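Q: Could you show me how to read a few features of a protein model, one at a time?
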Amino acid sequence: MPRWTIGVDTGGTFTDCVARCDDGSVRRSKVPSSGELRARVAAAAKDTIALAGLPPVPDGFWVGFELLAADPVPIRVVASSGVDERTSTLTLASAPCRAVAVGSVASLRCSAAVPVLAARIALGRPFVEPLDGVNLRVGTTIGTNALLEGRTARVMLVTTAGHEDALLIGDQRRSDIFALAPSRRTPVASLCVGIRGRMSSAGTAVMPLEMSGIEAAAATARRERIDSVAIAFVHSGVNPSHERAAAKALRDACAHVVTSADTAVATSFLPRANAAVIEAALRPAIGRFIDDLRRDARGTSLFLSASSGSPVPATDYMAKDSLLSGPAAGVAAAARAALALGFERCVTLDVGGTSAD
């Protein structure tokens with residue numbers, strides 16, 4: 001069986017896929033990132049429908065998909081065959097309750113992760129066949145878009161008492177130093193709780209962690225319906241024991257608990273705390289994305305692009321690494337292409353549906 005290396009970029013609007021075989025052949029596909037493929041009705045009968053504008057795929061590919069046409073209730077596809085390269089005839093599990101008009105728009109959808117759907121369309125490999133012999137590399141701007149649009153999880157920061165305003169103050173740099181009326185960005189963490197307890201810079205406990213404060217923080221997380229908790233204590237980069245004790249106590253109150261010591265290698269408080277908050281804000285969405293990928297991409301070698309432009313195994317991937325995942329992979333590829341063409345310097349432009357880099 002030939003081996004394929006597949007690169008997929010999932011953006012806010014479209015997911016693009018390029019598949020390269022070890023024999024040098026290349027295939028491509030492009031699908032909406034919603035996973036819903038739209039096509040025009042070319043013909044309709046009792047329980048069959050012909051859709052024009054679908055990607056060219058082999059017979060039987062659309063079996064198991066759901067059709068959304070005139071009815072608000074989806075109808076399962078039980079058989080499919082090609083009329084021509086861009087038109088397929090679908091046999092439905094039941095006839096639509098309402099007449100489907102020729103020329104109207106219908107949609108096909110499935111529960112698979114969108115990068116896997118794009119890869120299967122590119123290869124022409126139905127879902128009943130395994131994805132053996134595939135190296136799958138995925139870049140995404142899901143985390144970037146969520147942060148830009150304010151669609152992150154609701155985060156509570158638990159930190160050392162007295163440092164509750166540290167992330168708001170930051171390092172005191174202003175984005176516009178000459179602004180007469182400077183404004184701050186809305187903090188990613190919607191709530192901050194200070195806990196008594198202190199590590200020295202040498203990593204020894206100079207004040208024990210106040211567990212009653214942790215219990216109060218857990219009660220606050222439940223009451224405020226917090227999605228994720230980020231924990232960042234002073235000097236925990238040297239000794240993370242206080243953070244891990246707090247995390248253990250808070251996991252019953254919140255599904256996602258992030259410690260700064262396990263999120264960032266920095267010993268300085270501010271970058272560690274920022275990394276923990278971003279990880280907590282993005283982990284629910286990115287976690288679901290990766291879980292879906294791992295479920296549907298079984299049999300593949302699965303790596304995701306990090307903000308460094310380097311591939312990271314899906315099992316080791318962190319949500320914060322996704323912030324520049326798609327653009328970074330594009331820059332790395334452009335640099336390789338430029339050098340291959342004899343250019344030592346180049347400028348890249350990555351225009352997506354939400355942002356441009």
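Predicted model: local features only at pLDDT ≥ 70, side-chain atom pairs only at ≥ 80, totals over all residues.

A: Residues are numbered from 1 along each chain as its sequence is written, and side-chain values use heavy atoms, without hydrogens or water.

Q: Which residues touch the most other members of the largest nonpolar core?
A: In soluble globular proteins, nonpolar side chains tend to be buried together. A nonpolar core is a set of buried Ala, Val, Leu, Ile, Met, Phe, Trp, Tyr and Cys residues joined through side-chain atoms within 4.5 Å, where buried means under 20% relative accessible area, exposed over 50% and partly exposed in between (1.4 Å probe, protein chains only). Here the largest core has 53 residues, and Ile6, Leu51, Trp62, Leu108 and Leu136 touch the most other members. A second, separate core of 19 residues includes Leu209 and Ile226.

Q: What is Trp62 in contact with, leaving aside its neighbours within four places in sequence?
A: Contact means heavy atoms within 4.5 Å. Among the partners of Trp62 beyond those neighbours are Leu37, Pro55, Ser80, Leu108 and Ile121.

Q: Why does Cys346 count as partly exposed?
A: Its relative accessibility is 45%, so Cys346 falls in the partly exposed class. Beyond neighbours within four places in sequence, Cys346 is in contact with Ala334 and Ala338. The C-alpha atoms of Cys346 and Ala334 are separated by 7.9 Å, with the two residues 12 apart along the chain.

Q: And the pocket?
A: Rolling a probe the size of a water molecule over the atoms shows where empty space is left. On a 1 Å grid over the protein atoms alone, a pocket is an open set of points where a 1.4 Å probe fits, with protein on both sides within 12 Å along at least five of seven lines; lining residues have an atom within 4 Å of a point. Of the 36 residues lining the largest pocket, the closest to its centre are Leu167, Arg185, Thr186, Pro187 and Asn274.
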